[in-house]
Amino acid sequence: SSHHLSSSLQFFYSYSYGPVINPKTVYHTTAHHYAGWLLCVRDNPEKEESIEIYNATEYQRMRLHYNGSGLILHEVCHIIHQKILPGGLC
């Protein structure tokens, strides 16, 4: 349901994932569609169906390109398309 989506936002100021000896640092905002993908990149599968802002400073800069809330709306639309609409990515 869309109510579940509104309670799935996660925020990170700075974040990295992957092997401890060679982590990947990310700065973008993203939607996590499937737990399987998160496992493949050694991230937390419990983030499935959530949106993450990995870097608050970068988000503040990028959100201006989408009229304020457009960046979050863009990511929510990914989740709606893949999880709520009939057929998802099929």
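Read from the N terminus, the elements of the protein chain follow the order α-β-β-β-β-α-β-α-α, which amounts to four helices and five strands, where helices (H or I, at least four residues) and strands (E, at least two) are DSSP runs numbered from the N terminus. The model is a predicted one, in which local features need pLDDT of at least 70 and side-chain atom pairs count only at pLDDT 80 or more, while totals for chains, interfaces and linings use all residues. Residues are numbered from 1 along each chain as its sequence is written, and side-chain values use heavy atoms, with hydrogens and water left out.

The predictor's confidence in each residue, pLDDT, runs from 0 to 100; the protein chain averages 77, and 79% of the residues score at least 70. Confidence is lowest in helix 1 (residues 2–6), with a mean of 53, and highest in helix 2 (residues 35–40), at 88. Where pLDDT is low, the predicted coordinates should not be read in detail.

Of the 90 residues in the protein chain, 32% count as buried, a term that means under 20% relative accessible area, against over 50% for exposed and partly exposed in between (1.4 Å probe, protein chains only). Among the contacts in the protein chain with a separation of 6 or more, 58% are accounted for by residues 24 or more positions apart, contact meaning heavy atoms within 4.5 Å.

Strand 4 (residues 29–32) is joined to strand 5 by four bridges, and the two run antiparallel; strands pair if DSSP finds at least two bridges between them.

Ile53, which lies in strand 5, counts as buried because its relative accessibility is 5%. Ile53 and His28 are 25 residues apart in sequence, yet their C-alpha atoms are 6.5 Å apart in space.

Beyond the strand, Asn55 is found in the loop between strand 5 (50–53) and helix 3 (56–62), and Asn55 counts as buried because its relative accessibility is 10%. The side chain of Asn55 reaches the backbone nitrogen of Glu58 at 2.9 Å.

Technical notes: A polar contact is a pair of N or O atoms within 3.5 Å; within protein, one must be able to donate a hydrogen and the other to accept it, and residues adjacent in sequence count only if both atoms are side-chain atoms.
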